[in-house]
Amino acid sequence: MWDALWIDVDIATCTVPGEYGLIENGAIGVEDGRIVWVGHREDLPGPVEELAAVLHQGEQKWITPALIDCHTHLVHGGQRAGEFELRLSGASYADIARAGGGILSTVAATRAAGEVDLLASTLRRLSPLIAEGVTVVEIKSGYGLDLDTELKMLRVARAVEREAPVDVITTFLGAHAVPPEFAGDADGYIDFMCDEVLPAAVEQDLVDQVDAFCETIAFSPAQVERVFEAAKLFNLPVKLHAEQLSDYGGAELAARYGALSADHLEYLSPTGVRAMAAAGTVAVLLPGAFYMLGETRHPPIGRLRDAGVPIALATDSNPGSSPMTSLLLTMNMGCVLFGLAPVEALAAVTRNAAQALGLADTRGTLEVGKIADFVIWDIEEPAELAYRIGFNPCVEVIRAGAPTLVR
Ligand code: NIG
Ligand code: FE
């Protein structure tokens, strides 16, 4: 007997790229936290009462894979509404960063924050994501830029997993900005990150993957390459903030290192697209940052599609460029601002987001053997998930086969 069986549901399995993988009047069987059966109800191997210990009747609601937010900076102190006001009166994101604001102002606030408060504020920002059916979230460091605070951020990210019903992938983003102590010595800072901070964080089992910010206002491809070499020594997968504000060749570099993803990508070149396709690197698009910074240059969606590069979407939740905590709104923005189809937007926060985190074997689709993380939605068709703005139709989140949230 299975542990539980869901019937009277319509299912979008997301198993086939470019399609919802629709199963009308479907059923899902779960055992030991994994999916053991998914298909049409009439094909079930016996009478429903005899198949599982618990029978859930879905009242013809929809089930999709649980959502995955594969790029966030959720752990941080403070906020930057003041910069928002400056940008609205004409200052650019890069101007503010060069004047010592931007990321560095959040660094000061994060260094000053106590660990307990940092965890509490992170959990508050996480809760709307959980309410939307997110069961896996990636969280980066990168607002510490010194040993103690980078470790503090990563400990908080790990603690999130103990305090909230989500799985957390932690990302070391020491190469996010040059801190004041290293002003004018970006190379010395990279040495410090590679030789001292990353090894200490790995030693304490705080790092699942490694990221960097490759941009004229941040680090050069040569500096990023040293970070990737350091990651390689620890067998950690890499990813990169690339081609957000200019074409700096970051995506090609990331592809050369077999990166799981390259993220942002508004200025991605045709060569970059080809390199990502060849390396199997996922394109993580962040329409929240594009929107918030009033950008006009779009990521090359058509080329990415043509080249078969999987496209993911994420909130990029951070206090500067994307103070946003809704993955459903991100899906809507992916469609309206970048021209994705709703079916692509759903894949972008499920199967492709799983791939961007190296979790494609266990997450992101509804198929036998995968972890039974799924969402029950009160919708009439799956395109509704990307269509509404500011409305959350999630009624229940199932995590490893167990209902965790009922609204
Ligand atoms: O993904 N681009 C670099 N990092 C963040 C922004 C960080 C910040 O402004 O605090 C991003 O947009
Ligand atoms: Fe980011």
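**Reading the two sites**

Mentor: The shell around ligand 1 consists of 4 nonpolar, 9 polar and 2 charged residues. Here Ala, Val, Leu, Ile, Met, Phe, Trp, Tyr, Cys and Pro count as nonpolar, Asp, Glu, Lys and Arg as charged, and the others, Gly among them, as polar. This is a predicted model: local features need pLDDT of at least 70, side-chain atom pairs count only at pLDDT 80 or more, and totals for chains, interfaces and linings use all residues. Residues are numbered from 1 along each chain as its sequence is written, chains are lettered from A and ligands numbered from 1 in the order in which they are written, and side-chain values use heavy atoms, without hydrogens and water.

Trainee: Which polar side-chain atom lies 2.8 Å from an oxygen atom of ligand 1?

Mentor: A polar contact is a pair of N or O atoms within 3.5 Å. The one at 2.8 Å belongs to Arg-80, while His-264 has a polar side-chain atom 3.0 Å from a ligand 1 oxygen.

Trainee: Which residues are the protein donors of the iron ion (ligand 2)?

Mentor: Donors are N, O and S atoms within 2.8 Å of the metal (3.2 Å for Na, K and Ca). They are His-71 (NE2), His-73 (NE2), His-241 (NE2) and Asp-316 (OD), 2.1 to 2.3 Å from the ion. Their spacing along the chain is H-x1-H-x167-H-x74-D.

Trainee: Where else does His-241 make a contact?

Mentor: A side-chain N or O atom of His-241 is 3.0 Å from an oxygen atom of ligand 1.

Note on methods
A polar contact is a pair of N or O atoms within 3.5 Å; within protein, one must be able to donate a hydrogen and the other to accept it, and residues adjacent in sequence count only if both atoms are side-chain atoms.
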